[in-house]
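Try each one on your own before reading the solution.

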Amino acid sequence: MKVGFKWKSIEGLSRGKLFKITEITSEKVFYKSEETGKIYCADRKFFEKYIERVNKFWSEKNKTYKNKKEKLKNER
């Protein structure tokens, strides 16, 4: 996790929107919406767990996509 890290949200009203980390302190993480430019603040411990969930979600999503693509290719 570092300044400039980008991710696509998986939860809530901002689902599917892009965000970018703008500042990290020992206790807080500040990130900005790429769409609206609004800056948000989150507790660092909570945010690290959230990013783990985001990475796991997109990893599983990509695996599922690749498996379906391979399955369709083999059926032809």
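**Exercise 1. Strands side by side**

Through how many residues does a hairpin join E2 to E3? Bear in mind that you are looking at a predicted model. Then work out how the strands pair.

*Solution.* 
- Step 1: Go to the end of E2 and follow the chain on to E3; the hairpin joining them runs through three residues.
- Step 2: Look at how E2 and E3 lie against each other. They pair in the antiparallel sense, over five bridges.
- Step 3: Pick out one of those partners: Lys-20 has Lys-32 in E3 as its bridge partner.
- Step 4: Now turn to E1 and E2, which also pair in the antiparallel sense, here over three bridges. Across from Phe-19 in E2 stands Trp-7.

**Exercise 2. A serine at the end of a strand**

Decide whether Ser-33 is buried or exposed, and see what surrounds it.

*Solution.* 
- Step 1: Locate Ser-33: it belongs to strand E3, which covers residues 28-33.
- Step 2: Check the accessibility. The cut-off for buried is under 20%, and Ser-33 comes in at 5%, so it counts as buried.
- Step 3: A polar atom of the Ser-33 side chain sits 3.1 Å from the backbone nitrogen of Thr-36.
- Step 4: Leave out residues up to four places away in sequence, and Ser-33 touches Leu-18, Phe-19, Lys-38 and Tyr-40.

**Exercise 3. Charged pairs**

How many salt bridges are there? Once you have the count, look at where some of the partners sit.

*Solution.* 
- Step 1: The count comes to four salt bridges.
- Step 2: Take Glu-11 and Arg-53, whose closest N and O atoms are 3.0 Å apart. Glu-11 lies in the loop between E1 (6-8) and E2 (18-24) while Arg-53 is in H1 (residues 44-75), so this pair ties together parts that are 42 residues apart in sequence. Glu-11 is partly exposed at 35% relative accessibility, and Arg-53 is partly exposed at 35% as well.
- Step 3: Move to Arg-44 and Glu-48, with 3.1 Å between the closest N and O atoms. Both are in H1, four residues apart, or about one turn of the helix. Arg-44 is partly exposed at 24%, and Glu-48 is partly exposed at 34%.
- Step 4: Finish with Lys-63 and Glu-60, which meet at 4.0 Å, N to O. This pair lies in H1 too, three residues apart, again about one turn of the helix. Lys-63 is partly exposed at 46%, and Glu-60 is partly exposed at 40%.

Key: Residues are numbered from 1 along each chain as its sequence is written. This is a predicted model: local features need pLDDT of at least 70, side-chain atom pairs count only at pLDDT 80 or more; totals for chains, interfaces and linings use all residues. Side-chain values use heavy atoms; hydrogens and water are left out. A salt bridge is a side-chain nitrogen of Lys or Arg within 4 Å of a carboxyl oxygen of Asp or Glu. Helices (H or I, at least four residues) and strands (E, at least two) are DSSP runs, numbered from the N terminus. Buried means under 20% relative accessible area, exposed over 50%, partly exposed in between (1.4 Å probe, protein chains only). A polar contact is a pair of N or O atoms within 3.5 Å; within protein, one must be able to donate a hydrogen and the other to accept it, and residues adjacent in sequence count only if both atoms are side-chain atoms. Contact means heavy atoms within 4.5 Å. Two strands pair if DSSP finds at least two bridges between them.
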